[in-house]
Amino acid sequence: MEPPPPTDPRLDLVAGTIELCAGSIGFVRPRDATALLYEDEVDQAYPPYWAELWPSGVALAHAVSARARPGAAVLELGCGLGLPAIAAALGGARVLATDRSPDALTFTAVNAEHNGVAVQTAVCSWEEPDELLHRGPWDLVLAADVLYGQRNVDTLLALLPRLVARDGEAWIADPRRPLAGEFLRAARERWASVETAPGREADVDIHRLSRPLWW
Ligand SMILES: C[S@@+](CC[C@H](N)C(=O)[O-])C[C@H]1O[C@@H](n2cnc3c(N)ncnc32)[C@H](O)[C@@H]1O
């Protein structure tokens, strides 16, 4: 007889694997992210988007794995389950994974350990980025599926150039959300180079923003 599912939906887990350019990442995540919507113990200030396996996170992890960056300072924003952060750490980078959800960081830390890499974590919202600015600038800033909502777009347009080193980059994976065009138009005024290439997952683009102009 199967044991009953845990009463806390965060502990009702499924395991998965994603393939990288070389090797793979194993991870666990909550089986049903929507079940978290009805859980009293979960922070209900925001939807539990962190708990989903989003195609953009998978595509960004794959893109990051194409080149090892030993010793590079890498920051992931809105990391969710932390797959791009783990891919960067597997390539030798020094990685800080951040999200406003403490639960996301618990899963990221467990997933990193499961893959035998060290990933630092910090609870941080983009609206209060002092710790991220203090610990920067970063050689590479990563974010997957974050261009939803005008507030996200406006906040990230202002924040990303301040986080990235003079010759650094920000890589944003996006599933062609409606606000991506507006984000890219405004980004071209703030970055020396903005390039877009298809990610490995269907309908996911990876936007590479290089050399912020404010330096
Ligand atoms: C759609 S999910 C994507 C998660 C992960 N990057 C992926 O692709 O699988 C968006 C993530 O951004 C985080 N997030 C949204 N707004 C944020 C904010 N203002 N500050 C920090 N994190 C935020 C959410 O908690 C969530 O983990």
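The exercises below work through a predicted model, from the whole chain to the helices, the sheet and the ligand shell.

Residues are numbered from 1 along each chain as its sequence is written. Because the model is predicted, local features need pLDDT of at least 70 and side-chain atom pairs count only at pLDDT 80 or more, while totals for chains, interfaces and linings use all residues.

**Exercise 1.** State how many helices and strands the chain has, and how its radius of gyration relates to that of a compact globule.

Solution. The chain holds 6 helices and 9 strands, where helices (H or I, at least four residues) and strands (E, at least two) are DSSP runs numbered from the N terminus. For 215 residues a compact globule would have a radius of gyration near 17 Å, and the chain agrees with its 17 Å; the radius is taken over C-alpha atoms, and the globule rule is 2.2 Å times the number of residues to the power 0.38.

**Exercise 2.** Give the strand order of the open sheet and name its edge strands.

Solution. The open sheet has 7 strands in the order β5-β4-β3-β6-β7-β9-β8, with mixed pairing, two strands being paired if DSSP finds at least two bridges between them. At the edges lie β5 (120-123) and β8 (191-198), each of which pairs on one side only. Inside the sheet, β3 (residues 73-77) and β4 (residues 94-99) pair in the parallel sense over 4 bridges, and Leu-75 has Leu-96 in β4 as its bridge partner.

**Exercise 3.** Describe how helices α1 and α2 pack, and which residues meet.

Solution. Helix α1 (residues 55-64) and α2 pack at an angle of about 10 degrees with their axes 8 Å apart; axes are lines fitted to C-alpha atoms, for helices over the stretch in contact, and angles run from 0 to 180 degrees between N-to-C directions. The two helices α1 and α2 are therefore roughly parallel to each other, a term for angles under 35 degrees. Gly-57, Val-58, Leu-60, Ala-61 and Val-64 of α1 meet Leu-83, Pro-84, Ala-87 and Ala-88 of α2, contact meaning C-beta atoms, placed from the backbone, within 7 Å.

**Exercise 4.** Which residues come nearest to the ligand, and how does its shell divide by class?

Solution. Of the 20 residues around the ligand, Trp-50, Gly-57, Gly-78, Gly-80 and Ala-144 come nearest, a residue being near if its C-beta atom, placed from the backbone, lies within 6 Å. The shell divides into 9 nonpolar, 7 polar and 4 charged residues, with Ala, Val, Leu, Ile, Met, Phe, Trp, Tyr, Cys and Pro counted as nonpolar, Asp, Glu, Lys and Arg as charged, and the others, Gly among them, as polar.

Definitions and conventions: Parallel < 35°, antiparallel > 145°, perpendicular 65-115°, else oblique. Contact = placed C-beta atoms within 7 Å.
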